[in-house]
Amino acid sequence: MHQTTGRGLYIHVPFCHQRCHFCAFYLEIHHARAAEEFLGSLLTELRLYGEQRLFGSEPVQSVYFGGGTPTTLSPHQFAAVLSAVRDGFGIQNDAEITVEAHPESVTPDSLSHLHEAGFTRISFGAESMNQTELDRVGRHGSPMSTLEVVAAARDAGFIDLNLDLMYGLPGQTVESWATSLQQMVTLAPTHLSCYALTVEEGTHLRTAIQRGLVPAPDETLQNEMEDLAEVLLSRAGYARYEISNYCRPGYASRHNQLHWTGGEYLGLGPSAQSYVAGRRFGNVSDLAAYNRYLRNGSLPVTESEQLTTAHEACERLVFGLRLTEGIPLRETGAAAFSGLTGKVDELIGDGILERCGERVRLTSTGQRYADTVAVALLTSLETQPA
Ligand code: SF4
């Protein structure tokens, strides 16, 4: 059943200047020499995949640099990577090329270099416009640096600009969340991502909560904040097109949409995940091992799974359900699997899913349980008659 709706690259830059207390991403503290060695490995990885013609002759429609803090790389290093991407894969003329940045990791000069190098979109981790809330989760930076960096990015020529925000932070109130949202609206980015704080295994935040030093996120309060975001942002002209994502008309993230619409993406860099030709595969989550693989001329892939047709249909459904508009059931291929369709009917009966024409989507209640719905649908495959 494999159909694609686009192709893109994800490049994981595994460096930050320090680790935020809530963060569980794979990363290392930035050192210039480690970054230079990583760059050499990344260029080798791009060359090896380029030689495989993994995506045939069709150039990619999106390139996304995530992390970590990609902007720990210098403009010169970014230029080298983009040039290798062009050589190995080709980039469509109107491609979306995004870089994530911590507001304090760029300067007016580096922003100009990024824009000149071909980046069309920049995504800043603002997280909160309240200094105490940032401090409590060990997030360096300040609301002022967010205000300044947005102005500097516009001066450098960036129009498509995302800001990330988090809600449910320790000590955050509905009022302070509303203030952060209002300030975002005043900044008028083209895109906003609002994520509920989650407490991940192995994080400093989890330890602090276990020791009673910081309160655990309150789910009821988070739900209230989520609802408030939808009200305030839709009033300001932003459409909620995915559970956590809002945009001005025409500015939905193409990179994110690849994931939600069954597109193909190749992940490069340590811990990066890929989905190509019905196969999910992932790189080793260790920079030293990643460098070693590539020094020896091998790809650093340590996990790989070819999805069955049923599993692929289920994933398309699960990801498509993250979109506010949902997904036409027939596009997912789920109709061929009675276990899946039975579960969909059951979830409709429970008020978690609903039909809207040909589409099936989460109800407003269901949006709170997207992860549980995903598990229920995947589990239904186990009862699928052979
Ligand atoms: S800046 Fe981002 S990637 Fe780096 S530690 Fe903080 S949350 Fe994690």
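Where is Ala188 found? Ala188 sits in the loop between helix H6 and strand E8 (191-196). The model described here is a predicted one.

Ala188 has a phi near 55°, a positive value in a residue other than glycine. With 13 other C-beta atoms within 10 Å, Ala188 is partly exposed. Arg53 also has a positive phi, near 50°, and is likewise a residue other than glycine. Arg53 belongs to the loop between helix H1 (32-52) and strand E4. Arg53 counts as exposed, because the number of its C-beta neighbours inside 10 Å is 10, and a residue with 12 or fewer is called exposed.

Why do these values deserve a mention? Most residues other than glycine have a negative phi, and most peptide bonds are trans.

## The ligand and a cis peptide bond

Eleven positions are named around the ligand: Cys16, Arg19, Cys20, Cys23, Phe25, Leu27, Gly67, Gly68, Thr69, His102 and Gly125. By type, this shell divides into 5 nonpolar, 5 polar and 1 charged residue.

Gly67 and Gly68, both among the residues around the ligand, are joined by a cis peptide bond with omega at about 20°. Gly68 lies in the loop between strand E4 (60-67) and helix H2 (75-88).

## The nonpolar cores

The largest nonpolar core has 73 residues. Leu9, Ile122, Ala153 and Leu165 have the most contacts inside this core. Strand E7 (residues 160-167) gives the most to the core, with 5 residues. Apart from this core lies another, of 21 residues, among them Phe319, Ala334, Leu347 and Val373. In soluble globular proteins, nonpolar side chains tend to be buried together.

Which residues does Ile122 contact, leaving aside its neighbours within four places in sequence? They are Val99, Ala101, Ala153, Phe158 and Leu161.

## Helix H5

Helix H5 (residues 143-156) has 14 residues, which should span 20 Å at 1.5 Å a residue; the C-alpha atoms at its ends are 20 Å apart, so the two values agree. Its buried residues are Thr146, Val149, Val150, Ala153 and Ala156. Seen down the axis of H5, these residues fall within an arc of 125°, so they line one face of the helix. An α-helix has 3.6 residues a turn, so residues three or four places apart point the same way.

The buried residues of H5 pack against helix H3 (108-117), strand E6 (121-127), strand E7 and helix H6 (174-187). On the face turned away from the buried side, H5 carries the exposed residues Met144, Ala151 and Asp155. After H5 comes Gly157, which has a positive phi, near 115°.

Helix H13 has 12 residues and reaches 16 Å from its first C-alpha to its last, close to the 16 Å expected at 1.5 Å a residue. Leu340, Lys343, Val344 and Leu347 are buried in H13. Seen down the axis of H13, they fall within an arc of 105° and so line one face of the helix. Packed against these buried residues are helix H11, strand E16 (353-356), strand E17 and helix H14. H13 is followed by Gly351, with a positive phi near 80°.

In helix H14 (residues 370-380), the buried residues are Val373, Leu377 and Ser380. They cover an arc of only 60° around the axis, which puts them on the same side of H14. What covers them includes helix H11 (309-320), helix H13 (338-349) and strand E17 (359-362). Asp371, Thr372, Val375 and Thr379 are exposed on the other side of H14.

## A buried proline in a loop

Is Pro300 buried or exposed? Pro300 counts as buried, because it has 25 C-beta neighbours inside 10 Å and the cut-off for a buried residue is 20 or more. Its place is in the loop between helix H10 (287-295) and strand E14 (301-306).

Not counting residues up to four places away in sequence, Pro300 touches Glu45, Asn283, Val284, Tyr290, Tyr293 and Leu294. The C-alpha atoms of Pro300 and Gly282 are separated by 8.3 Å, and the two residues are 18 residues apart along the chain.

Technical notes. Residues numbered from 1 in each chain as written. Predicted model: local features only at pLDDT ≥ 70, side-chain atom pairs only at ≥ 80, totals over all residues. Near = placed C-beta within 6 Å. Nonpolar A, V, L, I, M, F, W, Y, C, P; charged D, E, K, R; others polar. Core = buried A, V, L, I, M, F, W, Y, C linked by C-beta atoms within 7 Å. Helix = DSSP H or I, 4+ residues; strand = E, 2+ residues; numbered from the N terminus. Contact = placed C-beta atoms within 7 Å. Expected span 1.5 Å × (residues − 1). Arc of directions from axis to C-beta.
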